[in-house]
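Hi,

Here is the structure I promised to pass on.

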Amino acid sequence: MSPPILFNFNDAKDTFTAATRSALDNKTSKPLINAFNQITGNETEKKTTLDQALRQVLEEQIVEKKALVDDFLSLIYLSIDGVTEGICSATTPFLLLGDILDCLPLDQCDKIFSFVEENVSTWKSNSFYTAGKNYLLRMCNDLLRRLSKSQNTVFCGRIQLFLARLFPLSEKSGLNLQSQFNLDNITVFNKNEQESTLGQRPTEEKEDGMEVEEGEMGDEEPGAPAPCSIPIDYNLYRKFWTLQDYFRNPVQCYEKFSWITFLKYSDETLAVFKSFKLDDMQASKRKLEELRTAGGDHVYFAKFLTSEKLMDLQLSDSNFRRHILLQYLVLFQYLKGQVKFKSSSCILNDDQCLWMEETTKLVYQLLKEIPPDGDKFATMVEHVLNTEENWNSWKNEGCPSFVKDRPVDDKPKRPTRKRQSPEDFLGKGPDRKVFMGNDELTRLWNLNHDNMAACQSESREFMPSLEDFFEEAIEQADPANMVENEYKVVHNSNYGWRALRLLSRRSPHFFQPTNHQFKSLADYLESMVIKLAKELPKDLPSEEIKTGEEDDEDNSDTLLKESNDSPSMQTKLVSNQQMDEIAAKLGAQWKTLAGQLEIKAAEIREIETDSEDVDMQAKLLLVAWQDREGTQATVESLVTALNAAGFPKIADILNET
């Protein structure tokens with residue numbers, strides 16, 4: 001045999017690299033498919049080489065710094081086609097995406113990620129999801145580390161939305177199962193009263209020596225907003241922004257002194273909201289217009305602006321008030337809700353529960369009074385928070401799957417009504433005689449009170465014994481009686497049919513295997529009659545029967561005896577030790593035996609791929625045959641195959657073991 005051709009990695013890589021460049025120029029994957037089919041080697045080696053070739057082409061594009069984003073995307077599309085055609089690994093597109101995002105600046109990463117978002121259905125398909133979900137998660141996390149939450153807020157949100165679309169709802173890696181809080185979200189504000197500018201008169205900012213004309217401070221430009229009427233001092237400023245620490249870490253509210261502070265600051269803040277309401281609809285609309293950008297979108301800030309100079313404008317802004325009041329409702333829902341991982345010490349007393357209940361009503365009332373559309377906004381918030389309770393319950397139950405198995409029988413079952421037994425409406429007289437409406441039926445029904453016992457009576461036994469039924473046939477089989485074959489009862493078709501049924505019920509010989517072939521049913525019955533004559537009691541009129549078929553009888557008995565004495569030859573399965581010995585004897589000639597074992601060519605190629613050791617290949621051949629045959633993989637079957645394949649010596653060794 002000629003030695004197998006070794007796989008040359010470098011030559012294959014060069015071939016795949018050239019085919020990849022050609023495929024990118026022609027925008028088709030056919031050059032890659034043709035190169036894959038022409039290169040010799042197993043599929044695993046060729047797939048690994050193609051993966052390396054694709055990454056090498058990507059490296060060249062990145063190093064040259066001349067490639068555009070579209071060139072990178074063309075390479076990704078080519079790898080996706082390769083996975084679909086089965087010529088490269090399913091993880092290759094994700095590895096290429098990760099390499100691209102690691103090497104490009106953020107503005108180009110935005111365009112690449114748009115491609116990732118558009119192909120979310122591809123990533124969720126069976127060919128890609130299992131292999132690429134962890135790569136996509138790692139890639140998104142790496143991007144989030146590079147982005148700024150305050151400057152790249154929209155990009156960060158797109159990444160989070162993409163992960164929410166990619167993973168199912170029951171994916172626990174995207175759930176906050178332990179109800180942890182972002183304790184790093186600290187709101188920074190001025191905590192030094194000496195540095196505060198609140199309460200100072202505007203005239204103090206004027207430089208000494210400057211003259212102020214009469215009416216200068218009083219005159220205002222037309223259309224300017226009216227000065228804020230909310231009395232703001234440093235105490236209100238400090239208490240208001242201190243509440244953000246409780247919203248950041250609600251667990252503090254379970255501590256006694258922290259709760260007292262939270263209660264005091266909340267009452268003062270809500271009192272300001274209640275006393276100074278936003279009734280000027282025109283002013284509110286004007287502020288909304290001022291907060292719109294050129295594109296018509298609202299300006300969004302990821303962090304609160306805690307400047308003292310903005311305090312009066314913030315308290316007069318409807319969106320800002322709604323934000324603060326909504327924080328109260330979310331906090332109260334956590335404090336009152338049942339959270340699985342909440343500490344046992346986190347318990348509210350009755351006074352705390354009563355205060356939260358009253359404050360919740362006050363917050364909803366304030367939300368309804370904030371223009372515009374306060375009633376609709378409050379109703380929407382209440383609905384969302386009620387829905388959130390369902391999510392909390394789902395997480396407390398361990399996040400069970402939303403996919404439920406369809407019941408086997410979708411049809412509604414009819415309510416079954418128990419059928420009355422005859423004893424419920426018949427036979428209630430003194431003799432319990434059941435009247436069936438007909439004299440003959442009544443007589444038959446009342447022959448026995450227990451019908452099952454009547455069926456099991458000895459008088460109901462109609463099957464004859466072997467002695468009675470075959471008595472005549474045994475007498476006719478005796479040569480001394482000189483009965484011609486055509487007159488024997490075994491040649492009667494009706495008798496033969498009844499004899500077979502009786503033998504199947506009463507005789508153990510009926511199911512015993514035999515190698516003797518019978519030309520007709522009469523021949524078979526005659527051989528069975530001879531066997532029965534030897535086993536039946538001696539008091540029968542038939543003595544020892546001698547026929548002219550002694551040789552056939554002896555041969556049949558010999559075969560039957562061998563079958564009874566050594567059943568292991570036909571039923572004994574091939575053991576692992578025997579397969580090891582046979583595999584060692586076969587060696588490189590195992591393919592000759594594969595044809596006799598009816599092993600397919602595809603299975604032979606798979607065996608060659610799995611191992612290069614000829615002894616192991618022979619062992620894998622026998623294992624594949626044993627798995628296919630199951631209980632039929634006996635020693636006798638394997639001996640027959642070995643003899644047919646030209647290995648009689650190995651067959652003799654197997655017989656001896």
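**What I found**

Met-482 is exposed, with a relative accessible area of 71%. You will find Met-482 in the loop that runs between helix 21 (471-477) and helix 22 (493-506). Its backbone is worth a look too: phi of Met-482 is near 50 degrees, a positive value in a residue other than glycine. Most residues other than glycine have a negative phi. Before you read on, please keep in mind that this is a predicted model.

**The chain as a whole**

There are 657 residues in the chain, and 34% of them count as buried. On secondary structure, the count is 31 helices and zero strands. Among contacts with a separation of 6 or more, 70% come from residues 24 or more positions apart.

Two packed helices are described by the angle between their axes and the distance between the axes. For helix 15 (residues 350-369) and helix 16 (residues 374-396), the angle is about 140 degrees and the axes are 6 Å apart. Angles over 145 degrees would count as roughly antiparallel and those from 65 to 115 as roughly perpendicular, so helix 15 is oblique to helix 16. On the helix 15 side, the contact is made by Tyr-364, Leu-367 and Lys-368, while helix 16 brings in Gly-374, Asp-375, Phe-377, Ala-378, Glu-382 and Leu-385.

The loop between these two helices has some backbone features of its own. Pro-372 sits in that loop, and the peptide bond leading from Pro-371 to Pro-372 is cis, with omega near -5 degrees. Most peptide bonds are trans. Asp-373 is in the loop between helix 15 and helix 16 as well. Phi of Asp-373 is near 55 degrees, which is again a positive value in a residue other than glycine. Is Asp-373 buried or exposed? Its relative accessibility is 54%, so Asp-373 counts as exposed.

**A nonpolar patch**

On the surface, Met-436, Leu-441, Leu-444, Trp-445 and Leu-447 form a nonpolar patch, with about 480 Å² of accessible area together. Trp-445 belongs to helix 18 (residues 439-445). With a relative accessibility of 35%, Trp-445 counts as partly exposed, because that class covers values between the 20% limit for buried and the 50% limit for exposed.

Which residues does Thr-187 touch, leaving aside neighbours within four places in sequence? Thr-187 is in contact with Trp-241, Gln-244, Lys-303, Phe-304 and Thr-306. It lies in the loop between helix 9 (153-166) and helix 10 (234-248). Thr-187 has a relative accessible area of 17%, so it is buried.

Ser-611 is the other one I noted, located in the loop between helix 28 (601-610) and helix 29 (614-629). At 14% relative accessibility, Ser-611 counts as buried. Not counting residues up to four places away in sequence, Ser-611 touches Met-616, Gln-617 and Leu-620.

That's it from me for now.

Cheers

Conventions: Residues numbered from 1 in each chain as written. Predicted model: local features only at pLDDT ≥ 70, side-chain atom pairs only at ≥ 80, totals over all residues. Heavy atoms only, no water. Patch = residues over 30% accessible without salt bridge, like charges linked within 9 Å, V, L, I, M, F, W, Y side chains within 5 Å. Areas by Shrake-Rupley, 256 points an atom, 1.4 Å probe, with all protein chains shown as cover. Salt bridge = Lys/Arg side-chain N within 4 Å of Asp/Glu carboxyl O. Helix = DSSP H or I, 4+ residues; strand = E, 2+ residues; numbered from the N terminus. Buried < 20%, exposed > 50% of the residue type's maximum accessible area, 1.4 Å probe, protein only. Axes fitted to C-alpha atoms, helices over the stretch in contact; angles between N-to-C directions. Parallel < 35°, antiparallel > 145°, perpendicular 65-115°, else oblique. Contact = heavy atoms within 4.5 Å.
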